[in-house]
Amino acid sequence: MYDVKKGYEVAKEFYAQYGINVDKAIEIANATPISMHCWQGDDVAGCEKKEDSTLTGGIQTTGNYPGKARNGEELRADIETAMKFIPGELKLNLHANYQESDTFIDRNEIDPKHFDKWVDWAVEKGIGLDFNPTYFSHPKSAKATLSSADNEIREFWIEHGIRCRQIGEYFFKKTGKPCIINHWTPDGDKEVPIDTIGPRQRLKDSYDQIFEATKDVKGVIDGIESKVFGIGAESFTAGSHEFCMGYVMKANKDHIIMTLDTGHYHPTEVVSAKLASIFTFSDKVLLHVSRPIRWDSDHVVSFDDETRAIMEELVRMDKLKDTYIATDFFDASINRIVAWVTGLRNTRKAMLAALLQPVDVMKEIERNGDVSARLAYKEEFKAAPFAFVWDYYCQQQEAGVGLEWLDEVKKHEDEILSKRA
Ligand SMILES: C[C@H](O)[C@H](O)[C@@H](O)C(=O)CO
Ligand SMILES: [Mn+2]
């Protein structure tokens, strides 16, 4: 290993030339929570006591890499292993199908107690829990859920949403940290339906009913997640961007906010370009950081241009503190712990890199109309000695410098994952 401290000192000197306080940037990046999604560890299968855990809803995990978690115990152990190598404040993001109970409990019957193993684990680790209703991978989600024209089906899913908000409040009370709930329904159609407004009106009414029935719930924030299309629902999505944005803005309630998933837009649309407009009308945003390759493929988050641009936007607008950042990817073609560590480290890395830019100086340059200098500054920081700061930060947090973590994850694979059937 090279002299990490020496690298850090050189980088500190480099950044000081531009008035950047490296230690302050590290402190902010370290304290900003990232909600780590549980579903990377088992390909979104969940822990419900049922034979068929086929993933539906137009999302897909591809690959069959051995060693996926087969139950809650294994999943928690894998999450703990991954967390050792992810520096900074973390939360765990759970889906409702990760309930644990001895018998099958249907989605309209779930209670806080079915999540007690997760709650005890989170309390012991001192981390917060976020939550997601699971409006997919269920016989009653085959056609539609909250937008269903079948009242019995719609009632079933409304009850699920209600129970999820009550469970979120339980998480808040137990962990002492707000629970961020993401509401995403896969409802859509392979062809453009003749009636495109009916499903939207029913979806709106379902959300209204869920929020009305749980209006006294405390400590819960609700993200409404839109999507452009899913597999098998290529032509129509009830919860489109316009629908979700309309719902959030009209609701005009502090706890109802937009969820922007980086994989949920047309391939040339980017979330980084949407944030400022949304923050003009909304105080908070929930972000699902993913990596779409040609579609919502949910590849592992990369330290790529768009992830960096999103973090740069948040830092430049001073909105990092107002953004609930969550990861959302599921790659079944590689070691799932490597997937988590890589994606979460990259999310944090992009955040730290964005904090290591002279934002005030660049704003002043722009205000003065010096657009040439503005470009020169933007380009300069692409090749700044950021890696030295990142390595130092990882060392400080004992999260493994460089690829040190890879050997340990491989060892874990040999000793534990490879023994799973
Ligand atoms: C499993 C998640 O709920 C899901 O990924 C959702 O957030 C989404 O992004 C669906 O495409
Ligand atoms: Mn998402």
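This is a predicted model: local features need pLDDT of at least 70, side-chain atom pairs count only at pLDDT 80 or more; totals for chains, interfaces and linings use all residues.
**View 1. The manganese ion (ligand 2) sits in an octahedral site.** Four residues of the protein supply donors to the ion: Glu225 (OE), Asp261 (OD), His288 (ND1) and Asp328 (OD), at 2.1 to 2.2 Å. If you are checking the geometry, the angles among the six donor atoms run from 70 to 178°. For comparison, ideal octahedral angles are 90 or 180 degrees. Read along the chain, the donors are spaced as E-x35-D-x26-H-x39-D. Glu225, in strand S6 (residues 220-225), and Asp328, in the loop between strand S12 (323-327) and helix H10 (336-355), are 103 residues apart, and the pair links distant parts of the chain. Glu225 counts as buried because its relative accessibility is 5%, and Asp328 counts as buried at 8%.

**View 2. The largest nonpolar core holds 114 residues.** Look here for Tyr15, Ile79, Leu94, Phe131, Phe171 and Leu352, which touch the most other members. H10 gives this core its largest share, twelve residues. Another core, of five residues, lies apart from it and includes Ile180, Ile221, Ile257 and Leu286. As background, nonpolar side chains in soluble globular proteins tend to be buried together.

**View 3. Phe171 and some of its contacts come into focus.** Leaving aside residues up to four places away in sequence, Phe171 touches Leu94, Phe115, Val119, Leu129, Asp130, Phe131, Gly176, Lys177 and Cys179. Two of these partners, Leu94 and Phe131, are, like Phe171, among the residues that touch the most other members of the largest core.

**View 4. Helix H14 (residues 404-415) has one face lined by buried residues.** From first C-alpha to last, its twelve residues reach 18 Å, close to the 16 Å expected at 1.5 Å a residue. Trp405, Val409, His412 and Glu413 are the buried residues of H14. Seen down the helix axis, they fall within an arc of 100°, so they line one face. These buried residues pack against helix H3 (72-83) and H10. On the face turned away from the buried side you will find the exposed residues Asp407 and Asp414.

**View 5. Asp298 and Glu398 each have a positive phi without being glycine.** Most residues other than glycine have a negative phi. Asp298 has a phi of about 55° and lies in strand S11 (residues 295-299). Phi of Glu398 is near 55°, and this residue lies in the loop between helix H13 (386-396) and H14.

Notes. Residues are numbered from 1 along each chain as its sequence is written. Chains are lettered from A and ligands numbered from 1 in the order in which they are written. Side-chain values use heavy atoms; hydrogens and water are left out. Donors are N, O and S atoms within 2.8 Å of the metal (3.2 Å for Na, K and Ca); water is not among the atoms, so sites may look incomplete. Four donors count as tetrahedral if all angles lie between 85 and 135 degrees; four count as square planar and six as octahedral if opposite donors are over 155 degrees apart and all others between 65 and 115; anything else is irregular. Helices (H or I, at least four residues) and strands (E, at least two) are DSSP runs, numbered from the N terminus. Buried means under 20% relative accessible area, exposed over 50%, partly exposed in between (1.4 Å probe, protein chains only). A nonpolar core is a set of buried Ala, Val, Leu, Ile, Met, Phe, Trp, Tyr and Cys residues joined through side-chain atoms within 4.5 Å. Contact means heavy atoms within 4.5 Å. The expected span of a helix is 1.5 Å times one less than its number of residues. The arc is that of the directions from the helix axis to the C-beta atoms.
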